[in-house]
Amino acid sequence: MSNLDIALLPWQQEVWNDPHRFKVIAAGRRSGKSRYAAYRLLVEALQCNRGYVFYVAPTQSQARDIMWKVLQEIGKDVIESCHINNLHINLINGATIALKGGDRPDTMRGVSLKFVVIDEYAQIKPFIWEEILYPALTDQKGEAVFIGTPEGRNHFYDIYEFANSGKDDDWAAWHFTSYDNPILDPKELDKAKGSMSSYAFRKEFMASFAAQGSDIFKEEWVKFSSEEPKGGDYYI
């Protein structure tokens, strides 16, 4: 008997149970994004008879590095075959999970999709969603999950803000930091905060959409005084 053992973190369970069709998740490093995506891909594929679901990363090599082994590990009991040459994983019900890269957009055309995960969307050109993936979902009214760590206020920020605005009932957004993964030792994150610039830490671990500025400086290095120094010139 085939078995898919799913163990979710609290934030993963929250997002999983939400009924919205399009979900946008901004999350810090090691927060559990990839594991959530892998579970969703397997479950959605098992529910679509002989259909396709896509996992899309910025490049095909990234798709392989991030998701190939994770899917095989947690989906071993429901996988029929794997083909590394085209990064296809065929399940016991005839459905296929295809790993794709944003660097090869033409390989995503011409397929009707039930579900897609777009990983690190901040690094993927927006036309791939707007002109290729969204149209591929329309006939089946398929669902999509956008996940990633922010890269300033680019198109990932725009779609996050739209999903968070409540303007469309199909969309919802979440924000999680690396501290939201209870498996991670918070002391390790605190150590990283002490050795990284404020911008880098906020971006990588706190999933901040703040634009990059003078990221070699840390906020705590700047001291303020109510008294103006006497004499000399001032430089910033």
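User: What share of the 236 residues of the protein chain counts as buried?

Analyst: Happy to start there: this is a predicted model, where local features need pLDDT of at least 70 and side-chain atom pairs count only at pLDDT 80 or more, while totals for chains, interfaces and linings use all residues. Numbering runs from 1 along each chain as its sequence is written, and side-chain values use heavy atoms, leaving out hydrogens and water. Buried means under 20% relative accessible area, exposed over 50%, and partly exposed in between (1.4 Å probe, protein chains only). Among the 236 residues of the protein chain, the buried share is 48%.

User: How many helices and strands does the protein chain have?

Analyst: Helices (H or I, at least four residues) and strands (E, at least two) are DSSP runs, numbered from the N terminus. The C-alpha trace that carries them spans about 80 × 35 × 35 Å along its principal axes. The count for the protein chain is seven helices and eight strands.

User: What part of the contacts with a separation of 6 or more comes from residues 24 or more positions apart?

Analyst: A contact means heavy atoms within 4.5 Å. Among the contacts of the protein chain with a separation of 6 or more, the part from residues 24 or more positions apart is 68%.

User: At what angle do helix H1 and helix H2 pack?

Analyst: Two packed helices are described by the angle between their axes and the distance between the axes. Here the axes are lines fitted to C-alpha atoms over the stretch in contact, and angles run from 0 to 180 degrees between N-to-C directions. H1 covers residues 10-17 and H2 residues 33-46, with their axes 10 Å apart and a packing angle of about 40°. On the H1 side the contact is made by Trp 11, Gln 12, Val 15 and Trp 16, and residues of H2 including Tyr 36 and Tyr 39 take part; the angle is about 40°.

User: Is Gln 12 buried or exposed?

Analyst: Gln 12 has its place in helix H1. Beyond its neighbours within four places in sequence, Gln 12 touches Ala 7, Gly 32, Arg 35 and Tyr 36. Because its relative accessibility is 2%, Gln 12 counts as buried.

User: Which residues does Tyr 134 contact, with the neighbours within four places in sequence left aside?

Analyst: Tyr 134 belongs to helix H4 (residues 127-138). Its relative accessibility is 32%, so Tyr 134 counts as partly exposed. The C-alpha atoms of Tyr 134 and Ala 144 are separated by 8.5 Å, although 10 residues apart along the chain. The contacts of Tyr 134 are Phe 22 and Trp 129.

User: What is the phi of Glu 120?

Analyst: Most residues other than glycine have a negative phi. Glu 120 lies in the loop between strand E6 (113-119) and H4. Glu 120 is buried, at 8% relative accessible area. Though not a glycine, Glu 120 has a positive phi of about 50°.

User: Does Lys 141 count as buried or exposed?

Analyst: Lys 141 is in the loop between H4 and strand E7 (143-148). Lys 141 has a positive phi of about 50° without being a glycine. Because its relative accessibility is 64%, Lys 141 counts as exposed.
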